[in-house]
Amino acid sequence: MTSITAKKTRISDNILLALIGICTFFSAALIVVIIVYVFSKGIPFFKFKDLISPQSALTNPNGLLGSIINTLYIILGTLLLACPIGIGGAIYLNEYAKNKKFVEAVSFATEVLSGIPSIIFGLFGMIFFGELLGFKYSILTGCFTLTLLILPIIIRSTQTALASVPESYREAARGLGATKWYMIHTVILPSCLPGILTGVILAMGRIIAESAALLFTAGSAYLMPRDFFSHFLESGGTLTIQLYIAMTNAQYGQAFVIGMILIVLIFLMNALAKWITKHFDVNTKE
């Protein structure tokens, strides 16, 4: 590597470049090793019928369909609650709020909130949403609890994405006579959509991987939904809860199968988010 000022190769630059390359390789290799290990342990125990049949003590004790559906319910319900609040709050803090002390206080509060252990959220959700509000052990209680858990992720990522939009975009929109909200939803948000989706993807990963908070709020039932909306008021254990139960019962084969499914589910969620981003970019350019 050649220095711009000295016009010669610096040993320190080459060392730093090599260290960066080693760190990148190590990170990628670690992910590959984890995926290969989980799949190598889970494939021998994998049965397709477990994916399409609910758990039953008589017919199929390893059925996972109920847990898969409960996981999708938790993801959908939590994102429907958290995304409007988190993105809307970030827009207000970045575009509307004038009091810097207020913005700093809210930002500090979200950072503190992101550092609280998830089991504390579970205890709070169980007492406040479950007991005080009367939702008991239910998917809805789990959704409310996980909303509090992922709000800092969505707010901070959206704030960062909004701040990355050049100020010239705002000045050009104002120069054309655009109102504040029209400028935000036609110029600012389309420009920072990839950054917002990155935060949503991270939030989805947190939702899928969470178990401690859901164990106290959503419960561990694996029943199939009788009705789409009423199932939100019923107890429902996710795949991570099922994995925890499998490990406590020394059912390691089933635990690795669930790990495989979780990896595939996260991959599909990321692929869907990437496709939405590309599709939106194409429509915006047209």
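1. A definition to start with: two residues are in contact here when heavy atoms of theirs lie within 4.5 Å. Please also keep in mind that this is a predicted model.

2. With that in hand, have a look at serine 67, which sits in helix 3. Which residues does serine 67 touch, once its neighbours within four places in sequence are set aside? The partners are Tyr222, Gly237, Thr238, Leu239 and Gln242. Is serine 67 buried or exposed? Its relative accessible area is 2%, and the cut-off for buried is under 20%, so serine 67 counts as buried.

3. Now the chain as a whole. The C-alpha trace spans about 70 × 50 × 40 Å along its principal axes. Of the 286 residues, 38% count as buried.

4. How much of the contact comes from residues 24 or more positions apart? Taking the contacts with a separation of 6 or more, such pairs account for 72%.

5. On confidence, the mean pLDDT of the chain is 86, and 94% of the residues reach 70 or more. Where is confidence lowest, and where is it highest? The lowest mean, 80, belongs to helix 11 (residues 252-285), and the highest, 93, to helix 5 (residues 118-132).

6. Back to helix 3 (residues 65-96), this time beside helix 8 (residues 180-209): the two pack at an angle of about 135 degrees, with their axes 10 Å apart. Helix 3 and helix 8 are therefore oblique to each other, and their crossing is right-handed. On the helix 3 side the contact includes Ile74, Ile75, Leu79 and Ile87; on the helix 8 side, Trp181, Ile184, Leu189 and Met204 are among the residues involved. By class, this contact has 16 nonpolar, one polar and two charged residues. Glu95 of helix 3 and Lys180 of helix 8 are both part of the contact.

7. Helix 3 also packs against helix 6 (residues 139-163), at an angle of about 40 degrees and with the axes 6 Å apart. That angle makes helix 3 oblique to helix 6. The crossing of helix 3 and helix 6 is right-handed. What classes of residue make up the contact of helix 3 with helix 6? They divide into 21 nonpolar, nine polar and one charged.

Definitions and conventions:
Residues numbered from 1 in each chain as written. Predicted model: local features only at pLDDT ≥ 70, side-chain atom pairs only at ≥ 80, totals over all residues. Heavy atoms only, no water. Axes fitted to C-alpha atoms, helices over the stretch in contact; angles between N-to-C directions. Helix = DSSP H or I, 4+ residues; strand = E, 2+ residues; numbered from the N terminus. Parallel < 35°, antiparallel > 145°, perpendicular 65-115°, else oblique. Left-handed = near helix turned anticlockwise from the far one by under 90°. Nonpolar A, V, L, I, M, F, W, Y, C, P; charged D, E, K, R; others polar. Buried < 20%, exposed > 50% of the residue type's maximum accessible area, 1.4 Å probe, protein only. pLDDT = per-residue confidence, 0-100.
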